[in-house]
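Have the structure open as you go.

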Amino acid sequence: MKKADRMEAFVQALGTAADPALDPCYLGFFKCFNEQRYYEAHDVLEHLWLKGRDENYAFFKGLIQVAGAFVHLQKQALRPTHPKDGPRLRPASRLFLIARTNLDPYRPQHLRCDVTALCRLCEENAAQIEANNFQVNPWKSAHPPILQLL
């Protein structure tokens with residue numbers, strides 16, 4: 001089975017058809033993200049993003065980068081001394097800043113997403129990581145960020 005087919009089946013299994021005005025992959029991103037399934041959030045939105053360049057291209061790219069940054073934080077938190085997962089704070093910080101750059105033009109909100117709040121989340125996480133000299137992970141599984149659609 002091709003990845004595109006797997007993603008379509010995955011999105012159908014998420015049951016995100018609650019809002020017909022929004023693409024199920026987009027809704028699936030938020031569902032996965034809020035369940036701390038950041039890698040899946042990245043994958044499901046990437047499936048939509050790869051379909052083509054339109055007015056949402058940079059917006060989706062920014063959301064994918066946010067999810068990617070949280071993948072780094074989550075893996076680093078789970079295995080902080082592992083040679084591959086331990087040094088993930090610097091790439092996470094960089095992804096937060098790149099994501100903010102891609103999301104910034106869509107402020108204050110876009111596709112029912114509070115882009116201003118999302119940019120603030122990116123800025124705060126990057127600043128915390130950098131202020132602690134890339135040694136302290138700001139992500140806590142007990143208090144993960146939640147992305148709400150307006």
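Q: How far apart do the centres of the positive and negative side chains of the protein chain lie?
A: Lys and Arg count as positive, Asp and Glu as negative, with His and the chain ends not counted. Each charge is placed at NZ of Lys, CZ of Arg, CG of Asp or CD of Glu. The protein chain has 19 positive and 16 negative side chains, and the centres of the two sets sit apart by 7 Å.

Q: What are we looking at, and in what order do the elements of the protein chain run?
A: This is a predicted model, where local features need pLDDT of at least 70, side-chain atom pairs count only at pLDDT 80 or more, and totals for chains, interfaces and linings use all residues. Residues are numbered from 1 along each chain as its sequence is written, and side-chain values use heavy atoms, leaving out hydrogens and water. Helices (H or I, at least four residues) and strands (E, at least two) are DSSP runs, numbered from the N terminus. The protein chain has six helices and two strands, and from the N terminus they go α-α-α-α-α-β-β-α.

Q: What is the radius of gyration of the protein chain?
A: It's taken over C-alpha atoms, and the globule rule is 2.2 Å times the number of residues to the power 0.38. For 150 residues, a compact globule would come out near 15 Å, and the protein chain agrees, at 15 Å.

Q: Why can we call helix 4 largely enclosed by the rest of the structure?
A: Buried means under 20% relative accessible area, exposed over 50%, and partly exposed in between (1.4 Å probe, protein chains only). Across the protein chain, 47% of the 150 residues count as buried. Helix 4 is largely enclosed because, of its 22 residues, the number buried is 17.

Q: Is Pro-87 buried or exposed?
A: Pro-87 lies in the loop between helix 4 and helix 5 (89-103). Its C-alpha atom is 7.1 Å from that of Gln-76, 11 residues away along the chain. With a relative accessible area of 53%, Pro-87 is exposed.

Q: Which peptide bond is cis, with omega near 0°?
A: Look in the loop between helix 5 and strand 1 (109-110), where Pro-108 lies. The cis bond runs from Arg-107 to Pro-108.
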